[in-house]
Amino acid sequence: MFIDLHGHVNRIGTFLYGNSIRGLQQVENVVFAKLLSLNSLNFEFDDCNFKESNMTAKDNLDGLTREGSSRVAIYKATQLPNCYTVEASFHGSRRLNSLPAKFNSLRNTVEAEDIFTNTQSRLYDGRPAVYSPLLYEDMGRVWVMLKLGNLF
């Protein structure tokens, strides 16, 4: 997996750009983004983009194409399917995802919500949060959890 992290001020939320790949690898690309949204209140799946046009689009300012971006270049050089550009707003998110209950199969119990997953915690107060180091940490936690869980 290759991840290029970007911060931005023009769009709100955290989302990713992935490459357009043929076959089952494309399904894996999109499913990974969906799993992120199912495990983080702040990841915005609907804003993700996996279109081929997003791999070749020209920048309005300098005329360069995204084929020179690390995400596209690494994929073309290595055929590594899971290459992403993660865009994280400096401002916050527009909405909060609904997270499924966390079931602990070893104890046969539903785990309590933590500060990151409880929409009534001090981070959210029932509304989308202004981003902070804690929220960026939560996004990292979700990525590591999915990777270490050998889901991707």
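I'd like to start with Cys 83, which is buried because its relative accessible area is 0% (buried is under 20%, exposed over 50%, partly exposed in between, with a 1.4 Å probe and protein chains only). Before going on: this is a predicted model, where local features need pLDDT of at least 70 and side-chain atom pairs pLDDT 80 or more, while totals for chains, interfaces and linings use all residues. Residues are numbered from 1 along each chain as its sequence is written, and side-chain values use heavy atoms, leaving out hydrogens and water.

The protein chain has 4 helices and 5 strands (DSSP runs numbered from the N terminus, H or I of at least four residues for helices and E of at least two for strands). Reading from the N terminus, the order is β-β-α-α-α-β-β-β-α. Of the 152 residues in the protein chain, 38% are buried.

Now, how many residues of β3 are buried? The count is 7 of 7, so β3 is largely enclosed by the rest of the structure. One side of β3 carries Cys 83, Thr 85, Glu 87 and Ser 89, the other Tyr 84, Val 86 and Ala 88, and every one of these is buried.

What does β3 pair with? β1 runs parallel to β3, joined to it by 7 bridges (strands pair if DSSP finds at least two bridges between them). Within that pairing, Asp 4 sits opposite Thr 85 of β3. Strand β2, residues 14-18, runs antiparallel to β3, with 5 bridges between them. There, Phe 15 has Glu 87 of β3 as its bridge partner.

Phe 15 brings us to the rings. There are 4 aromatic pairs (Phe, Tyr or Trp rings, the six-membered one for Trp, with centres within 6.5 Å; planes under 30 degrees apart are stacked, over 60 edge-to-face, the rest tilted). Phe 15 and Tyr 17 make one of them: their ring centres are 5.6 Å apart and their planes at 75°, so this pair is edge-to-face. Phe 15 and Tyr 17 are both buried.

Phe 32 and Tyr 84 make another pair, and this one is stacked because the planes are at 20°, with centres 5.4 Å apart. Phe 32 belongs to helix α1 (residues 24-39) and Tyr 84 to strand β3 (residues 83-89), so the pair ties together parts 52 residues apart in sequence. Phe 32 is buried, with a relative accessible area of 0%, and Tyr 84 counts as buried at 0% too.

Next, the charges. The whole structure has 1 salt bridge (a side-chain nitrogen of Lys or Arg within 4 Å of a carboxyl oxygen of Asp or Glu). Its partners are Arg 22 and Glu 52, with the closest N and O atoms 3.8 Å apart. Arg 22 is in the loop between β2 and α1, and Glu 52 in the loop between α1 and α2 (53-56), so far as sequence goes 30 residues apart. Which of the two counts as exposed? Arg 22 does, with a relative accessible area of 68%, while Glu 52 is partly exposed at 44%.

Last, the cysteines. There are 0 disulfides (two cysteine sulfur atoms within 2.5 Å). Cys 48 counts as buried at 14% relative accessibility, and Cys 83, where we began, is buried at 0%.
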